[in-house]
Amino acid sequence: MQIILGDITKQEVDAIVNAANTSLLGGSGVDGAIHRAAGSELVHECRLLGGCKIGDAKLTKGYRLPARFIIHTVGPVWRGGDCGEPELLAECYRKSMQIAADKEFESLAFPCISTGIYRYPKALAGEIAVKICSEQIQNNGGPQRVIFCCFDRENYEIYERILSNYS
Ligand code: ADP
């Protein structure tokens, strides 16, 4: 597991994860950036998928991205933490890692799901991300390279602190 500070649309990996919304038809934040960088063919494939539930994940091609594939997952909106948000966020990471393992992807980059417009507290979200990915690597063996792609320094520093407690 590693951390970078940067734009996920620039990552040369087997797959990047998109923090999408339930329509899968594009939105703001990282979702908008991924759709713009991948090009309009992406939304055509997304239309065929029939949306995505919160905590679920679906795979598309990467089109014009350097990444070959995109795993679209829908994080929970933060409503104070008593509405199942931690379990749903964990499910996003688990399902994305499962798809990557099933497809034998070697490298996978995650954005900090739900920590933008969905207002999930960054440190709590980071703890879940690292814990679930670490469990999945141990249980499924892959993907070998998991990158937490932070867009802001605050998230980057949070992940540095969390990862320093993992082997
Ligand atoms: P959500 O609705 O799940 O909160 P957002 O896109 O609003 O999704 O934010 C999720 C995270 O993605 C935030 O930490 C935001 O700073 C980050 N982000 C926005 N654009 C990019 C990008 N191009 N690459 C990586 N991360 C990004």
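Predicted model: local features only at pLDDT ≥ 70, side-chain atom pairs only at ≥ 80, totals over all residues.
**Sheet**

The model contains an open sheet built from 6 strands, with mixed pairing and the order β1-β6-β5-β2-β4-β3. Its edges are formed by β1 (2-5) and β3 (57-61); each has a single partner strand, so one side of each is left without a neighbour in the sheet. From one strand to the next, the twist averages 25°.

Within this sheet, β2 (residues 15-19) pairs with β5 (residues 107-110) in the parallel sense, over 2 bridges. In β5, Ala109 stands opposite Ile16.

**Helices on the sheet**

| Helix | Lies across | Angle |
|---|---|---|
| α1 (residues 29-38) | β2 and β4 (69-73) | about 135° to β2 |
| α4 (residues 122-140) | β5 and β6 (145-150) | about 170° to β6 |

**Cysteines**

A disulfide requires two cysteine sulfur atoms within 2.5 Å. By this rule the model has 0 disulfides. For Cys46, the closest cysteine sulfur is that of Cys52, and the distance of 9.8 Å is too far for a bond. Cys92 is in no disulfide either: the nearest cysteine sulfur, again in Cys52, is 7.9 Å away.

Cys46 counts as buried because its relative accessibility is 1%. Cys92 is buried too, with a relative accessible area of 0%.

How values were computed. Residues numbered from 1 in each chain as written. Heavy atoms only, no water. Buried < 20%, exposed > 50% of the residue type's maximum accessible area, 1.4 Å probe, protein only. Pairing = 2+ DSSP bridges. Helix = DSSP H or I, 4+ residues; strand = E, 2+ residues; numbered from the N terminus. Axes fitted to C-alpha atoms, helices over the stretch in contact; angles between N-to-C directions. Contact = heavy atoms within 4.5 Å.
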